[in-house]
Amino acid sequence: MPTRPNPSVSLRKQPQQARSNELVAAVLEAAVQVLEKEGAARFTMARVAEKAGVSVGSLYQYFPNKAAILFRLQSDEWRQTTELLRRTLTDASLPPLDRLRALVPAFLRTECEEAAMRAALHDAAPLYRDAPETHAAMAESDKILERFLREALPGVPVATRRIAGDLIGTTLGEVCCEFSEKSRTSAEIEAYASAMAEMFCAYLEKLAGAREGRRLNRKDARSAKVKISAACGRELLDGGLESPRSVGWRSPGPLPILRPLPLITSH
């Protein structure tokens with residue numbers, strides 16, 4: 001069965017003049033209002049054009065279909081999230097784990113502030129989630145998290161860091177999404193974010209500690225061997241342990257050949 005090609009979710013043309021930019025901005029603002037009020041199921045090009053006060057033909061000049069409008073809204077949200085990740089996780093003035101502690105509450109607050117819009121975009125995701133543009137947009141956030149974990153977990157195997165990144169990214173996204181489905185107070189957001197951040201940090205500390213523990217165990221084993229060898233050497237030099245040759249030990253020479261005993265039989 002032939003596969004259905006993914007619809008294009010890119011702009012047909014980029015607005016070049018101020019008037020064109022204003023038209024696209026008006027369309028996107030109208031799209032947000034239609035999406036929040038009527039949901040993804042009733043989201044159509046005609047409704048967006050009517051809300052924006054433009055003709056459907058003008059709309060199609062820039063957006064080939066409704067998936068392109070929805071993707072533009074989603075990509076703007078992803079761009080904001082990516083900037084939050086980059087700004088927080090690359091802050092060299094803070095230790096890595098403190099950056100993670102700063103990221104979680106900031107991310108959770110944005111999820112709660114834009115919960116209605118995010119929920120509507122989530123419902124519309126099947127329209128554009130398989131498009132190449134979607135995968136490219138999401139890959140940037142993955143790279144930022146990967147670079148952060150490389151710094152936070154130096155020496156930890158790549159496979160382990162990948163698992164850690166997947167767990168943190170998935171948990172952060174899914175848990176924050178579910179948490180934001182209800183109206184939350186600032187105190188609730190801070191308490192929940194703090195608990196989640198400490199959970200992440202404890203996990204990374206355990207990974208780093210396991211690696212350091214293995215390194216120290218190897219180091220201690222080598223150190224113990226060196227100390228034993230050194231101690232034996234000092235004893236020999238100080239006379240505490242006598243060398244076999246120092247007490248007149250001589251090799252007994254070749255061992256005698258042992259012959260089998262005669263077989264004893266009972267009469």
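Figure 1. Leaving aside residues up to four places away in sequence, Leu28 touches Phe63, Ile69, Arg72, Leu73 and Asp76. Leu28 and Val48 are 20 residues apart in sequence, and their C-alpha atoms lie 8.5 Å from each other in space.

**Figure 2. The protein chain as a whole.** The protein chain has nine helices and zero strands, and reading along the sequence gives the pattern α-α-α-α-α-α-α-α-α. Of the 267 residues in the protein chain, 31% are buried, while the accessible surface comes to about 17800 Å², with 56% of that surface belonging to carbon and sulfur atoms. Among the contacts in the protein chain with a separation of 6 or more, 71% are made by residues 24 or more positions apart.

**Figure 3. The buried residues of helix H6.** Helix H6 covers residues 115-124, and its buried residues are Ala115, Met117, Arg118, Ala120, Leu121 and Ala124. Which helices do the buried residues of H6 pack against? They pack against helix H1 (18-38), H4 and H5.

Figure 4. Glu111 is found in helix H5, whereas Ser180 has its place in the loop between helix H8 (158-179) and helix H9 (186-238). Is Glu111 buried or exposed? At 7% relative accessibility, Glu111 counts as buried, because the cut-off for a buried residue is under 20% relative accessible area. Ser180 is buried too, with a relative accessible area of 8%. When residues up to four places away in sequence are not counted, Glu111 touches Arg118, Cys176, Cys177 and Ser180, and Ser180, counted in this way, touches Glu111, Cys112 and Ala115.

**Figure 5. Two aromatic pairs.** The structure holds two aromatic pairs. A pair of aromatic rings is described by the distance of the centres and the angle of the planes. In one of these pairs, the ring centres of Phe71 and Trp78 are 6.1 Å apart and the ring planes stand at 70°, so the pair is edge-to-face; Phe71 and Trp78 are both buried. Phe179 and Tyr192 form an aromatic pair that is stacked, with 4.3 Å from centre to centre and 25° between the planes. Phe179 is buried, with a relative accessible area of 6%, whereas Tyr192 is partly exposed, with a relative accessible area of 36%. Arg184 also takes part in this view, lying over the face of Phe179 at 4.1 Å from the ring centre.

**Figure 6. Cysteines without a disulfide.** A disulfide is a covalent bond between the sulfur atoms of two cysteines. How many disulfides does the structure hold? The structure holds zero disulfides. For Cys112, the closest cysteine sulfur is that of Cys176, and the 7.6 Å between the two sulfur atoms is too far for a bond. Cys201 is a buried cysteine, with a relative accessible area of 1%.

Figure 7. Pro95 lies in the loop between helix H4 (66-89) and H5. With a relative accessible area of 45%, Pro95 is partly exposed. Although Pro95 and Ala152 are 57 residues apart along the chain, their C-alpha atoms are separated by 8.4 Å.

**Figure 8. Confidence along the chain.** The protein chain averages a pLDDT of 79, and 72% of the residues score at least 70. Among the elements of the protein chain, helix H5 (residues 96-113) has the highest mean pLDDT (95), and H9 has the lowest (72). Over residues 243-249 the pLDDT is below 50, and this stretch has three contacts in the model beyond near neighbours in sequence. The pLDDT is also below 50 over residues 255-267, a stretch with zero contacts in the model beyond near neighbours in sequence. Where pLDDT is low, the predicted coordinates should not be read in detail.

How values were computed:
Residues numbered from 1 in each chain as written. Predicted model: local features only at pLDDT ≥ 70, side-chain atom pairs only at ≥ 80, totals over all residues. Heavy atoms only, no water. Helix = DSSP H or I, 4+ residues; strand = E, 2+ residues; numbered from the N terminus. Buried < 20%, exposed > 50% of the residue type's maximum accessible area, 1.4 Å probe, protein only. Contact = heavy atoms within 4.5 Å. Areas by Shrake-Rupley, 256 points an atom, 1.4 Å probe, with all protein chains shown as cover. Phe/Tyr/Trp six-rings, centres within 6.5 Å; stacked < 30°, edge-to-face > 60°. Lys NZ or Arg CZ within 6 Å of the ring centre and 35° of its normal. Disulfide = S-S within 2.5 Å. pLDDT = per-residue confidence, 0-100.
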